Amino acid sequence: MGQYGVLVDITKCIGCRGCQVACKNWNDLPATKTTFTASRTNPPQMNFNNVTLVNFHTIEKGDKVQWRAVKMQCFHCLEPICFEACFVHAYKKTPEGAVVYFNPEICTGCRYCQLACPFLNIQLKWDEVFSRVRKCDMCYDRLVRGLKPACVATCPTGALKFGERDALLKEARERIAKNPDKYVDHIFGEKEVGGTSWLYISDVPFEELGFRTDVMHESIPKYTWKYISKAPILAVGLPILFAAFYVYTKRRAENEDGGH
Amino acid sequence: MIGANPASNHPIAFRWITKGREQKGSKLIVADPWFTQSAAMADLYVPLRPGTDTAFLNGIMNYAIQNNLFHREYVVAYTNASYIVHPDFKIEDGLFSGFLESGKYDTSTWQYTGEKDPTLQHPNCVFQILKRHLSRYDIKTVSEITGAPADVYEEVCKLYCSTGKPDRVGNAIYCMGLTQHTHGTQNVRALAMLQLLLGNVGLPGGGVNAERGESNVQGACDIGVLFHVLPGYNPVPSAKAHPTWAAYREKTTPSTGYWVNRPKFLVSMLKAWYGEHATGENDFCYDFLPKTAADHSHVSTFQDMTKGVVKGMFAWGQNPVVGGPSAVQAREAMKNLEWLVCVDLFETETAAFWKAPGADPAKIATEVFLLPAACSYEKEGSITNSGRWIQWRWQAVEPPGEARSDLWIADRLFKAIRKEYQENGGVFPDPILKMKWDYGEAECDVVKVALEINGYEVATGAPVQSFTKLADDGSTACGDWLYSGYYNDVHNPPCKRRDNVDPSGLACFHRWAFSWPANRRILYNRCSVDPSGRPWHPERALFRWNGTGWVKNDVPDFNAKLPPVETADKAFIMLPEGQARLFAPGVKDGPVPEHYEPVESPVGNRMSGQQHNPLAVLWKGSIFDKYAPAESADFPYVATTFRLPEHYQTGGVTRNQPYLVELAPEMFVMISKTLAEKLGLKSGDWVRVATARSEFKAKVAVSSLVRPLTVQGRKIEMVCIPWHWGFQGLATGAIGNDLTPAAGDPNTRIPEYKAFLCNVHKV
């Protein structure tokens, strides 16, 4: 058996956000308080209680306008940097392909994993100094029981397709080859950071949809580990620093709200 | 796809649209005032100004006729195109002949002479009348009215009219964007006529498909939850026209077409309702049926509250304080109610109208009862989808607390009322005391209700197999003739079937649930083959005449015992003439669709001196009589309402669901960048939106999905308003329908929610 993955065909996503709700429902994550956003993306960014998020993009080109919905979550790298960055081995790349935060008991809350992730797909509680981590685990508890991830199971249009990564990659290539005028000739996740389990195809260039396409095409764990490991002071200092920043900015935001 | 946004509002339906495009290479055209989520999925998107759908569709029909792209053989065989109309029929300056001072039409000149011209050359045949009428809707004119860019509109005409070829088929999808206008009936008729001209009705993949606004609204309509029809679309008796069974029978039963069976359906319904008390001697208790003497549509009912005519109201799974037009005025009217019963999952705005912002509870004497209802997964019963499939749904979980199923509540209510009449009498107790109500003493059995709706033989109690077995002599009982057959086997009722085999490959799925009528999947399916019984295209061979008999892939909508020649002119069996109406003598505001502006419009009518539908229902002299004049300087922008994927209708349920509130927390209105620039607005600013009815405050979303349209040389700006919010629940916000006008279509009374005038100011 090869590793599993998910193929996201952005051209088939109608933006119903059933996946975003299904994720919270299956993982029993609480609703967070949100406010109006002009794009209707809500919450505006992923957070500790929203480990998948559908981002709405309005793309203007001269007289023409296009609108696309892009589901974001952990891409499940083939060689995950978070796994490499974690000095207590709280992470695991499972044989099924899911990158799982496996061992929360031993996590020190150092935030290396989050710093290391080039896609900002790992979430923490910013108001806790040594916070546990939360990220998409591809619904590993479903996977091992032969079920698709909750998001894929709920998708009405087939924009999300679950399967073995190799087969999905082949299908992605076929879809692009069959409709070369429609798709951008790029499978995001095929090569980025050495490959990810989640693959995306699109009719709008990925840079215009909030994807980081400037990442290297080879595995980066070793690079990052090489630098971070040389500075042990960060392990203690950074969490406290970030938590302090968070509390400061939150208070300031509250004060500003109160002034109106 | 016009006036519909299934990507947002019917996401599961969009699954099949996506599949069709992938597997069949279908092209999707979306026409909508703004760039909706469905528009984002389209191969071709064209904008149009709210309220100009008739002109838009008339223009496509004109293009089909002028360029000879219509399906001539189909049109001659299956429509009334060849019928000769009364020589005095005229269309002048937006009015049809016979317009009376009373504001209604005398339709005597709209009638057929009885002659036909299959060559379609006679100057007064339906086809020539239509051709002349539509010739005024050329591309330039339609573009000027609708604001659709001429080049894009022409591309739409060309692409859609390509389905007029016998080997192609086009599917028309519409929703409330087409219906909620003072000319909504004409909009839908125009779409149906376009489909007929192109030969797209009665074929797999074709049709005129309404995306119903609620998951079981089809079922509600079928079973008679409308003010003007009884179950199975039999008219509600009128006190004046139908005082007796003989009068009803005579006036509502045509001499040809399938409705000749109406007496069987109605007698069987009365037998189901009144059982042994309904006999031939007493006209099967016809006298027990309530007769209408006035308009009982939504707005009129609220108007009657102000007059003290309506003293109490059941709002059963309905939230008119958020969902009805001119909701501010509706709340005023409700203050006159003596009592109000709300049956719902949560305390809706309607249940809480007495504590609405600005209301003084001390001055409202209405006694309000709130009965907690079970939600759809907490009860058992059937649900009917837009494709008329009646599907049984099983109970998944017990309802919480004291919540009960609607059936439980209705059963207890009826029994309590009956007890009251038994003990204390009343003015007219018989319709209550003689009603057959035998669904169980303590608990109401939903299967017994289903069996009654399906129908049974009175003597044996055995379920009838289909409505063809119903009789008008009292030997059969049936709650709704259309549903006959859906529960004709107690142990294995068709509505519980779940086998998705599709032997024909035409997506018929005859063994999945039950499709009314008679498990027929495609209506008017005689049209799927040519008059001689040959499929228009081998890939869509729903039927085929093999020389001696019919090869069938669906339940025939024609007499399949006869050879094709005998049914070729009776493809539309529900119509007395047997042929579809490109010219409809019975539609109140005209036999062919003509463009009228909405009641509130930013421009004059380019086509005639009739500014809006001359028969539009305006509740003059009532609290609802609040309309801005055309080209109003006070209200310069066009407003339209819309729905989001995250909230359902009035939000009565979804605004109490934390996950959905997280996704869509706040009310807003959406405007273009150009309007925002003019008014000095940026996203997130508070604005005051005002109409002739009311005003509210909301945040503004500045979006390039909304663009001004050029109409008759002027830039027309739009304000798009969702109507999901209210003052109850976890997420509260302004009520969109506080702004919408109570102006109705003359045929249906549907209000003009989708096109009105407003103004926007920065707060």
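Trainee: Which residues form one aromatic cluster in chain A of this predicted model?
Mentor: Rings of Phe, Tyr and Trp (its six-membered ring) pair if their centres lie within 6.5 Å; planes under 30 degrees apart count as stacked, over 60 as edge-to-face and the rest as tilted. The model is predicted, so local features need pLDDT of at least 70, side-chain atom pairs count only at pLDDT 80 or more, and totals for chains, interfaces and linings use all residues. Side-chain values use heavy atoms, without hydrogens and water, while residues are numbered from 1 along each chain as its sequence is written and chains are lettered from A in the order in which they are written. The cluster consists of F75(A), F119(A), F188(A), Y200(A), F206(A) and F211(A).

Trainee: How many aromatic pairs are found over all chains, and what angle lies between the planes of W245(B) and Y248(B)?
Mentor: The search of the whole structure gives 58 aromatic pairs. W245(B) and Y248(B) both belong to helix α12 (residues 245-252) of chain B, 3 residues apart, about one turn of the helix; helices (H or I, at least four residues) and strands (E, at least two) are DSSP runs, numbered from the N terminus. Their rings are stacked at 6.1 Å centre to centre, and the angle between the planes is 20°.

Trainee: Y258(B) and F265(B) form an aromatic pair too; is F265(B) buried or exposed?
Mentor: This pair is stacked, with 6.3 Å centre to centre and 25° between the planes. Buried means under 20% relative accessible area, exposed over 50%, and partly exposed in between (1.4 Å probe, protein chains only). Y258(B), at 21%, is partly exposed. F265(B) has a relative accessible area of 3%, and is therefore buried.

Trainee: What area is buried between chain A and chain B?
Mentor: Contact means heavy atoms within 4.5 Å, and 36 residues of chain A are in contact with 32 residues of chain B. Buried area is the accessible area (1.4 Å probe) that two parts lose on being put together, summed over both. Carbon and sulfur atoms give 58% of the area buried between the two chains, which is about 2,800 Å².

Trainee: How many salt bridges are counted between chain A and chain B?
Mentor: A salt bridge is a side-chain nitrogen of Lys or Arg within 4 Å of a carboxyl oxygen of Asp or Glu. E60(A) forms one with R707(B), the closest N and O atoms being 3.6 Å apart. The count between the two chains is 6.
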